[in-house]
2 protein chains.
Amino acid sequence: MRQSEYPIQELLLNRWSSRRMSDQPITQAELMSLFEAARWAPSSYNEQPWRFIYALPGDDCWQDYFNLLTENNQAWVSKAATLVVAVSKQFYERDHSANAAAGFDVGAAVENIALEAGARGLAFHVLGGIDYAKATEQVGLPEGYKVEVMLAIGHLRVDVSNEEPEKQTERKALAEIIAAKKFNF
Amino acid sequence: MRQSEYPIQELLLNRWSSRRMSDQPITQAELMSLFEAARWAPSSYNEQPWRFIYALPGDDCWQDYFNLLTENNQAWVSKAATLVVAVSKQFYERDHSANAAAGFDVGAAVENIALEAGARGLAFHVLGGIDYAKATEQVGLPEGYKVEVMLAIGHLRVDVSNEEPEKQTERKALAEIIAAKKFNF
């Protein structure tokens, strides 16, 4: 179990990025609840610049989505129940000016998905090791939209008696990420 | 009360961005729990590119922090219990290459702070209406670090009997932010 220096919500402390997926499908209702979580994130001028395009294992494009990933990722992602391309809208609807906060806001929305997945006992992993140019083409992004990351989501594999425990990532100490008044690291 | 199309965790649904702050201070323990929440966000290569520099109302630099905000924001931010400059480290520690995911990752960490604040009944608001050049100078950022946003956090004002309810922002329908297989909006 993770130990925090100061108490926080269990939902936040117990979220972790798992690669250990079974090939059990997720239901449409589960999938919709994950996207619903994203929907409620805050955003600059409430623009909600997040768009999510997803494939399921039975889809004709499943292999194409899969091929967007680096080989390292393909090994474990084959058991995912969905692959999602998370996209940011790079301009404001209000005045068509550039939205410099779009990536930041999609990061917040994706964290909501991660937390909802964690609360449901689903495995969730952000994928940065992707071919961005191919991903942009694959989902048919128009000008002004940008692929931020892909997401792999599936059911946690339960029978892991023959496997080593997944390595949990460490965190920097609080003193390494906060400072009073001035940048001082 | 907000209504979601599909069920999600209450913590996610009930988080909202409030400007309605009292001038009650927050304790050091509360403040540390907020930063602790950020600490546990996921990040590209677990680089944890988030840095938070904060000021409290008694600090000699409080007014300087306050002056980084646009006039619109200053009106209500005067009651905040802390102002935080959220910074991204724009290069990887592992090989000093550019970290294109840094802003996205800080977005995830800030969402964790927002959720922890919400769970504690604190008011939390992301501020994008700031003077970025002055903020960079104010906190003394070196090369390779970028101001993403500021955060205002305080206690929710309880006696609001003389005030209109705060307007709650709407959300796009799910169908406006998700698509199967191809971008289709």
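**View 1. The elements of chain A.** Chain A of this predicted model has 6 helices and 5 strands; helices (H or I, at least four residues) and strands (E, at least two) are DSSP runs, numbered from the N terminus. Starting at the N terminus, their order is α-α-β-α-α-β-α-β-α-β-β. The radius of gyration of chain A is 18 Å, close to the 16 Å that the globule rule gives for 185 residues, so chain A is as compact as a globular protein of that length. Here the radius is taken over C-alpha atoms, and the globule rule is 2.2 Å times the number of residues to the power 0.38. The C-alpha trace of chain A spans about 55 × 50 × 30 Å along its principal axes.

A word on the labels and the model: residues are numbered from 1 along each chain as its sequence is written, and chains are lettered from A and ligands numbered from 1 in the order in which they are written. Since the model is predicted, local features need pLDDT of at least 70 and side-chain atom pairs count only at pLDDT 80 or more, while totals for chains, interfaces and linings use all residues.

**View 2. Where chain A meets chain B.** In this view, 64 residues of chain A are in contact with 64 residues of chain B; a contact means that the C-beta atoms of two residues, placed from the backbone, lie within 7 Å. On the chain A side, at least two residues each come from α1 (10-13), α2 (28-39), β1 (50-55), α5 (102-119), β4 (145-155) and β5 (178-180). Look for α5(A) here, as it gives the largest share of that side, 13 residues. Sorted by class, the side of chain A that touches chain B has 38 nonpolar, 13 polar and 13 charged residues. In this sorting, Ala, Val, Leu, Ile, Met, Phe, Trp, Tyr, Cys and Pro count as nonpolar, Asp, Glu, Lys and Arg as charged, and the others, Gly among them, as polar.

**View 3. Helix α5 of chain A against helix α5 of chain B.** These two helices pack at an angle of about 50°, with their axes 7 Å apart. Axes are lines fitted to C-alpha atoms, for helices over the stretch in contact, and angles run from 0 to 180 degrees between N-to-C directions. α5(A) and α5(B) are therefore oblique to each other; angles under 35 degrees count as roughly parallel, over 145 as roughly antiparallel, 65 to 115 as roughly perpendicular and the rest as oblique. The crossing of α5(A) past α5(B) is right-handed, a term used if the near helix is turned clockwise from the far one by less than a right angle, with anticlockwise giving left-handed. Residues to find in the contact include Phe104(A) and Val106(A) of α5(A), and Phe104(B) and Val106(B) of α5(B). The contact of α5(A) with α5(B) divides into 8 nonpolar, 6 polar and 4 charged residues.

**View 4. A sheet that takes in a strand from chain B.** Strands of a sheet pair through backbone hydrogen bonds, either parallel or antiparallel. This open sheet has 5 strands in the order β3(A)-β4(A)-β2(A)-β1(A)-β5(B), and the pairing is mixed; two strands pair if DSSP finds at least two bridges between them. Its edge strands, each pairing on one side only, are β3 (122-127) of chain A and β5 of chain B. On average, neighbouring strands of this sheet are turned by 25° against each other, direction ignored. β3(A) and β4(A) run antiparallel and are joined by 6 bridges, and His125(A) has Ala152(A) in β4(A) as its bridge partner. Helix α2(A) packs on the sheet, touching β1, β2 (82-89) and β4 of chain A together with β5 of chain B, and its direction makes about 165° with that of β1(A).

**View 5. The join between β1(A) and β5(B).** Zooming in, β1(A) and β5(B) (residues 178-180) run parallel and are joined by 3 bridges. Ile53(A) finds its bridge partner in Ala179(B) of β5(B).

**View 6. Helices α2 and α5 within chain A.** α2(A) and α5(A) pack at an angle of about 140°, with their axes 7 Å apart. They are therefore oblique to each other, and their crossing is right-handed. Ser33(A), Leu34(A), Ala37(A) and Ala38(A) of α2(A) make the contact with α5(A), where the partners include Val110(A) and Ile113(A). By class, the contact of α2(A) with α5(A) has 8 nonpolar, 2 polar and 1 charged residues.
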